[in-house]
Amino acid sequence: MNTEKIAARRLSLEEVTKLGVKDRLFISADTAELKLPDCYVPAFLTKPGEDFEGGLITARTVFQEEVSCLPDDENEAGIYLADENGSVTIEVLQSAGVVLDLALFVPSGDKGALTALYAAARQAFGADVVQIWRQGLKEVPDVKVDIFEEQIPRGRKGSDSPKRDRRAIDTYPTRADFIEFSAGWKPVVEIHRPIVDDTPTI
């Protein structure tokens with residue numbers, strides 16, 4: 001396990017309420033999935049500290065996990081801020097690397113093509129570095145679509161036509177599975193219609 005010892009100080013609830021979503025914190029790495037007592041991870045508040053109520057603070061770690069805690073509860077690990085003059089030293093879990101969640105289109109998709117793809121990745125990054133944690137294969141229909149996001153209507157139906165923004169043009173429908181749509185918007189997938197410019201020319 002790769003960790004780094006840093007000087008830090010524990011924050012009170014009052015101090016946490018003065019922080020914003022861009023302030024780097026350290027919270028306990030001990031979760032239900034991964035038991036790491038006395039170890040911390042970098043994190044950021046999910047919303048400004050002043051917006052939390054009841055003393056319960058929620059932060060999102062750099063590993064995209066959300067953790068809630070009561071900073072003033074002595075029975076909890078608490079929230080820390082890096083401080084050279086801090087009274088304690090905490091052990092911070094380092095990142096081992098990045099897991100890429102990619103949508104790769106492999107023409108024909110036969111076993112030989114996939115084997116060559118994995119071999120090229122291992123050659124570039126090292127035989128023991130690239131690991132296949134989860135392999136999900138999906139056949140792609142030979143049809144292309146336009147992907148929009150459409151605002152979810154509010155209030156009375158038919159009052160206004162829904163607003164629409166184009167997210168992707170002329171792409172395979174499986175791409176919609178990997179697009180993050182805005183809050184309050186829904187995906188709309190339509191068969192691709194090439195834009196024909198019928199402007200008369202001289």
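Let's start at S28, whose side chain reaches the backbone nitrogen of D30 at 3.1 Å. That's a polar contact, meaning a pair of N or O atoms within 3.5 Å, where within protein one must be able to donate a hydrogen and the other to accept it, and residues adjacent in sequence count only if both atoms are side-chain atoms. Before I go on: this is a predicted model, so local features need pLDDT of at least 70 and side-chain atom pairs count only at pLDDT 80 or more, while totals for chains, interfaces and linings use all residues. Residues are numbered from 1 along each chain as its sequence is written, and side-chain values use heavy atoms, with hydrogens and water left out.

Back to S28. Is S28 buried or exposed? S28 counts as buried because its relative accessible area is 16%; the cut-offs are under 20% for buried, over 50% for exposed, and partly exposed in between, using a 1.4 Å probe and protein chains only. Setting aside neighbours within four places in sequence, S28 is in contact with C39, Y40, V41, A77 and G78, where contact means heavy atoms within 4.5 Å.

S28 sits in strand β2, so a word on naming: helices (H or I, at least four residues) and strands (E, at least two) are DSSP runs, numbered from the N terminus. Which strands does β2 pair with? One is β3, residues 40–45: β2, residues 25–28, runs antiparallel to β3 over four bridges. We say two strands pair if DSSP finds at least two bridges between them. You can find this pairing at F26, whose bridge partner in β3 is P42. The other is β6, residues 79–82, again antiparallel, over two bridges. Look there for I27, standing opposite I79.

Follow the sheet onward from β3. Three bridges pair β3 with β4 in the antiparallel sense, and A43 stands opposite T61 in β4. Now, β4 covers residues 57–61 and is mostly covered up, with four of its five residues buried. Then β4 is joined to β5, residues 66–69, by four bridges, and those two run antiparallel as well. I57 has C69 as its bridge partner in β5.

Most residues other than glycine have a negative phi. D38, in the loop between β2 and β3, has a positive phi near 65°. D38 is also exposed, because its relative accessible area is 69%. Then there's Q64, in the hairpin of β4 and β5, which has four residues between the strands; Q64 takes a positive phi near 65° too. With 60% relative accessibility, Q64 counts as exposed.

On to the charged residues. How many salt bridges does a search of the whole structure find? Four, with a salt bridge being a side-chain nitrogen of Lys or Arg within 4 Å of a carboxyl oxygen of Asp or Glu. One of them joins E91 and K5, at 3.6 Å from N to O. E91 lies in strand β7 and K5 in strand β1, residues 3–10, so this pair ties together parts that are 86 residues apart in sequence. K5 is exposed at 59% relative accessible area, whereas E91 is partly exposed at 27%.

Now put R9 in view. R9 forms a salt bridge with E15, the closest N and O atoms being 2.9 Å apart, and another with D83, at 3.1 Å. Together R9, E15 and D83 are linked in a network of salt bridges. Each is partly exposed: R9 at 28%, E15 at 32% and D83 at 22%.

Last stop, the nonpolar surface. V98, L100, L102, L104 and L117 form a nonpolar patch with about 540 Å² of accessible area together. Areas come from the Shrake-Rupley method with a 1.4 Å probe, and for residues only the protein chains shown count as cover. Patches are made of residues with over 30% relative accessible area and no salt bridge, with like charges joined within 9 Å and nonpolar side chains (Val, Leu, Ile, Met, Phe, Trp, Tyr) within 5 Å. One member, L104, lies in the loop between β7, residues 88–93, and α2, residues 111–125. L104 counts as exposed because its relative accessibility is 56%.
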